[in-house]
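This report covers strand pairing, ring contacts and charged pairs in one structure. The sequence and the coordinates are shown first.

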Amino acid sequence: NNRVYCMMEDSRGRRWIGTGNGIVILDLPENDLLMLRAENESEFRINSNMVYSIMQDRDNEIWIATSEGLNKFDMKNQQMTSFRNDPESQNTLCNNFTISLCEDKLGYIWIGTGSGLNRFSKKDSSFLYFSREKGLPSVIIYDIIEDNKKSLWFTTGRGLVSMDPEMAENSRFSEIDPLKGQEFNIKAVHKSEEGELFFGGM
């Protein structure tokens with residue numbers, strides 16, 4: 001598939017390329033190529049071939065946001081874990097359409113979806129859910145980025161907000177106003193070497 005949504009280089013120097021038809025892993029030093037797809041018969045099957053975001057956390061685990069849920073790949077133990085919304089549980093991913101990923105300074109994993117925001121704690125495998133009722137201007141979370149002061153910025157379907165992760169329990173989002181436009185685009189954020197943040201809108 002020639003539609004590429006995200007790219008990441010892992011701690012081993014391999015390139016992970018998320019496309020509309022799965023993940024291509026390029027190991028250039030070894031001249032090797034591996035495909036991760038939903039149809040894989042091995043244990044390395046991902047939830048969906050539509051891959052919007054890939055991130056490696058401080059424990060070298062790979063997080064994969066897809067249109068049908070979230071995956072976590074443990075490189076050390078070569079294990080793939082799947083997270084999907086469970087309507088019978090309160091401790092669950094809020095929506096399977098996962099778009100964006102970010103790890104904060106405290107080690108929490110933030111997941112932007114098509115119907116809200118989740119914070120995942122690796123310590124106790126718990127999800128915290130944020131919605132419009134908790135201060136978000138929109139439930140569509142296009143992207144998440146951390147600034148040099150370790151605050152998080154969220155581009156949404158109706159504006160830009162920021163938060164200090166230490167204030168997450170109190171849902172203290174700061175809305176940025178005025179803006180040229182209120183809606184943003186998927187994967188349209190960038191932090192420069194000087195620490196400036198750039199956001200691509202519609």
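## Sheet, rings and charged pairs

Asp-59 is placed in the loop between β5 and β6. The model is a predicted one. With a relative accessible area of 51%, Asp-59 is exposed, the cut-off for that class being over 50%. Its side chain makes a polar contact of 2.9 Å with the side chain of Lys-122. Asp-59 and Met-75 are 16 residues apart in sequence, and their C-alpha atoms are 9.5 Å apart in space. Asp-59 also belongs to a network of salt bridges that links Asp-57, Asp-59, Glu-61, Lys-72 and Lys-122.

Strands of a sheet pair through backbone hydrogen bonds, either parallel or antiparallel. Between β5 and β6 (residues 61-66) the pairing is antiparallel and runs over 5 bridges. Ile-54 stands opposite Ile-64 in β6.

The structure holds 12 salt bridges.

| Pair | Closest N and O atoms |
|---|---|
| Lys-72 and Glu-61 | 3.9 Å |
| Asp-143 and Lys-187 | 3.8 Å |

Lys-72 forms its salt bridge with Glu-61. Lys-72 lies in strand β7 (residues 69-74) and Glu-61 in strand β6, so this pair ties together parts that are 11 residues apart in sequence. Both Lys-72 and Glu-61 are buried.

Arg-119 lies in strand β11 (residues 116-121), while Glu-169 lies in the loop between β15 (159-163) and β16 (174-176), so the pair ties together parts that are 50 residues apart in sequence. Arg-119 is buried, with a relative accessible area of 8%, whereas Glu-169 counts as exposed at 56% relative accessibility. The charged end of Arg-119 also sits over the ring of Tyr-108, 3.7 Å from its centre.

Asp-143 forms a salt bridge with Lys-187. Because Asp-143 lies in strand β13 (residues 141-146) and Lys-187 in strand β17 (residues 184-191), the pair ties together parts that are 44 residues apart in sequence. Asp-143 is buried, with a relative accessible area of 4%, and Lys-187 counts as partly exposed at 29% relative accessibility.

A search of the whole structure finds 15 aromatic pairs. In one of them, the rings of Trp-110 and Phe-130 have their centres 5.5 Å apart and their planes at 25°, so the pair is stacked; the cut-off for stacking is under 30 degrees. This pair links distant parts of the chain: Trp-110 is in strand β10 (residues 109-113) and Phe-130 in strand β12 (residues 126-130), 20 residues apart. Trp-110 counts as buried at 0% relative accessibility, and Phe-130 counts as buried at 0%. The charged end of Lys-134 sits over the ring of Phe-130, 5.9 Å from its centre. Elsewhere, ring pairs link Trp-63, Phe-83, Phe-120 and Phe-127 into a cluster.

Methods. Residues numbered from 1 in each chain as written. Predicted model: local features only at pLDDT ≥ 70, side-chain atom pairs only at ≥ 80, totals over all residues. Heavy atoms only, no water. Pairing = 2+ DSSP bridges. Helix = DSSP H or I, 4+ residues; strand = E, 2+ residues; numbered from the N terminus. Buried < 20%, exposed > 50% of the residue type's maximum accessible area, 1.4 Å probe, protein only. Polar contact = N/O pair within 3.5 Å; in protein donor to acceptor, adjacent residues only side chain to side chain. Phe/Tyr/Trp six-rings, centres within 6.5 Å; stacked < 30°, edge-to-face > 60°. Lys NZ or Arg CZ within 6 Å of the ring centre and 35° of its normal. Salt bridge = Lys/Arg side-chain N within 4 Å of Asp/Glu carboxyl O.
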